[in-house]
Amino acid sequence: MCIRDSLWLIRHKNPLEFTGLNPDIQRTVVNFCGILSLALLVGCFEYRVVFGSFAHYIVFPAPFSYIVVTAALYSGLALVLLHIHGTVDLLFTDLSLYLSVFAALAWSLVIGLPLPILPLPA
């Protein structure tokens, strides 16, 4: 199977129709694989780009820098996934607000902003 055929399967309306599963289960499997691949992409970006090239800009010592940068990146990924999925409605407005404040706070701490100018809600 070449790349063109695999891309056609991904675009197809039911890409897992050959499995014989329920369409709801197929949609769940496809969504899970997409979320897992985005999480792996963010993890690889964190390892190769952030810690490979910009580690000297992070002001925390080694074990805490990994924790704070990982929290900032994955909270940003959660915001992107909420926006793409279309669930930033009345139900998840508070969740998206808290995630955005947490992501801004984590990135502000990572780059070393002083405490008086941290982006905290009023």
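This is a predicted model: local features need pLDDT of at least 70, side-chain atom pairs count only at pLDDT 80 or more; totals for chains, interfaces and linings use all residues.
**View 1**
Of its 122 residues, 20% count as buried. As for how the chain meets itself, take the contacts between residues at least 6 apart in sequence: 47% of them join residues at least 24 apart.

**View 2. F51 and Y66 form an aromatic pair.**
This is one of two aromatic pairs in the structure. The ring centres of F51 and Y66 sit 4.7 Å apart and the planes meet at 80°, so we call the pair edge-to-face; the cut-off for that label is over 60 degrees. The pair ties together distant parts of the chain, with F51 in helix α2 (residues 23-53) and Y66 in helix α3 (residues 62-85), 15 residues apart. What about exposure? F51 has 19% relative accessibility, so F51 counts as buried, since the cut-off for buried is under 20%. Y66, at a relative accessible area of 45%, is partly exposed.

**View 3. Helix α4 packs its buried residues against α3.**
Helix α4 covers residues 93-111, which makes 19 residues. Which residues of α4 are buried? They are S96, L99, A103, A106, S108 and V110. A handy reminder when looking at such a list: an α-helix has 3.6 residues a turn, so residues three or four places apart point the same way. The buried residues of α4 pack against α3. Just after α4 comes G112, with a positive phi of about 90°.

**View 4. The largest pocket is lined by residues from α2 and α3.**
Its volume comes out at about 250 Å³. The lining is made up of V30, N31, G34, I35, L38, L81, I84 and H85. Sorted by class, the lining has five nonpolar and three polar residues, and no charged ones.

Note on methods. Residues are numbered from 1 along each chain as its sequence is written. Side-chain values use heavy atoms; hydrogens and water are left out. Rings of Phe, Tyr and Trp (its six-membered ring) pair if their centres lie within 6.5 Å; planes under 30 degrees apart count as stacked, over 60 as edge-to-face and the rest as tilted. Helices (H or I, at least four residues) and strands (E, at least two) are DSSP runs, numbered from the N terminus. Buried means under 20% relative accessible area, exposed over 50%, partly exposed in between (1.4 Å probe, protein chains only). The expected span of a helix is 1.5 Å times one less than its number of residues. Contact means heavy atoms within 4.5 Å. On a 1 Å grid over the protein atoms alone, a cavity is a set of points where a 1.4 Å probe fits but cannot get out, and a pocket is an open set with protein on both sides within 12 Å along at least five of seven lines; lining residues have an atom within 4 Å of a point. Grid points are joined across faces, edges and corners, and a volume is the space filled by probe spheres set on the points. Ala, Val, Leu, Ile, Met, Phe, Trp, Tyr, Cys and Pro count as nonpolar, Asp, Glu, Lys and Arg as charged, and the others, Gly among them, as polar.
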